[in-house]
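Student: I have a model open and would like to go through it. Can we start with the inside and then look at the rings?

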Amino acid sequence: KKEVDRRLKLTCEKFIQDSSKKLLNAVQDFNAKVLNFYQVRGDRSALLKSQPWASEANLQTAVATTIRLIKSQVPIIQRKMQLYLANRETEFILFRPIRSSILSTFVSLLSTLRGEFTVEQQTIVACPTQEQLAAILGAVSIKPKTPRQSSSREISTSPESRQMSRENSVPKESLTQIEEAELTEPSSQPNGHVPETAAPTATLTAETAASTAASTAETAAPETPAAGSSTNA
């Protein structure tokens with residue numbers, strides 16, 4: 001299991017790095033050159049914008065190309081994650097560092113432009129701010145899927161149809177069943193209520209009476225011959 005987790009982690013990290021590199025290659029390459037220029041610059045009077053690779057035209061092309069790639073490739077990256085992961089939480093975790101890399105790369109470029117270039121040159125380069133980048137990412141990102149079946153059904157169904165549907169879903173007794181129930185109800189009980197103990201009580205009373213009658217008959221039966229015999233005697 002540890003080996004599987006390790007390989008999965010490496011695969012995710014490679015996916016994040018490759019996706020970020022594909023989107024931000026031009027701007028990241030410029031930022032790396034700027035960092036190297038600051039490290040090796042001996043004469044502090046040397047200007048960054050005087051370097052051939054740091055011209056306004058080159059920077060404008062790099063920024064425009066990167067923005068175009070973000071708009072076209074971010075939805076493709078997210079569709080791939082939806083296809084192979086099919087888990088919104090995991091997709092968010094993987095895309096978050098890609099999004100952070102996009103924002104931080106442009107923030108670094110914007111800082112360099114503000115420190116080394118004039119306002120007119122910055123306007124030519126047209127580097128977006130962090131807020132503008134967030135708006136672009138929000139516009140091109142794929143929204144999570146939501147079930148629409150229930151909402152469309154509510155819209156297409158009129159209030160009268162919904163009322164009839166609710167009424168039909170409640171079980172109703174037929175007229176014949178109601179009439180039969182009324183005929184079988186005893187009139188002596190209020191509201192048609194029949195006590196459950198009525199039938200057993202009547203049965204018990206009948207059995208007791210029969211038993212008493214039988215006992216009385218058995219007791220009286222021997223007395224008749226005795227009376228007859230004494231009379232004859």
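Tutor: The largest nonpolar core has 32 residues, and those with the most contacts inside it are Ile-70, Ile-102, Phe-106 and Leu-109. A nonpolar core is a set of buried Ala, Val, Leu, Ile, Met, Phe, Trp, Tyr and Cys residues joined through side-chain atoms within 4.5 Å. Buried means under 20% relative accessible area, exposed over 50%, and partly exposed in between, with a 1.4 Å probe and protein chains only.

Student: Which helices supply at least two residues each of this core?

Tutor: Helix 1, helix 2, helix 3 (88–116) and helix 5 (130–140) each do. Helix 3 gives the largest share, 9 residues. Helices are DSSP runs of H or I with at least four residues, strands are runs of E with at least two, and both are numbered from the N terminus.

Student: Is this an experimental structure or a predicted model?

Tutor: This is a predicted model: local features need pLDDT of at least 70, side-chain atom pairs count only at pLDDT 80 or more, and totals for chains, interfaces and linings use all residues. Residues are numbered from 1 along each chain as its sequence is written, and side-chain values use heavy atoms, leaving out hydrogens and water.

Student: What is Phe-106 in contact with, leaving aside neighbours within four places in sequence?

Tutor: Its partners include Leu-24, Val-63, Ile-70, Cys-127 and Leu-133. Contact means heavy atoms within 4.5 Å.

Student: Now the rings. How many aromatic pairs are there?

Tutor: The count is 3 aromatic pairs. Rings of Phe, Tyr and Trp (its six-membered ring) pair if their centres lie within 6.5 Å; planes under 30 degrees apart are stacked, over 60 edge-to-face, and the rest tilted. The centres of Phe-30 and Trp-53 are 5.8 Å apart and their planes are at 65°, so that pair is edge-to-face.

Student: Where do Phe-30 and Trp-53 lie?

Tutor: Phe-30 lies in helix 1 (residues 2–40) and Trp-53 in the loop between helix 1 and helix 2 (56–84), so the pair ties together parts 23 residues apart in sequence.

Student: Buried or exposed, what about Phe-30?

Tutor: Phe-30 is buried, at 5% relative accessible area. Trp-53 is partly exposed, at 24%.

Student: Which ring forms an edge-to-face pair with Trp-53 at 6.5 Å centre to centre?

Tutor: That is Phe-37, with 75° between the planes. Phe-37 is in helix 1, 16 residues from Trp-53, and is buried at 9% relative accessibility. Ring pairs link Phe-30, Phe-37, Tyr-38 and Trp-53 into a cluster.
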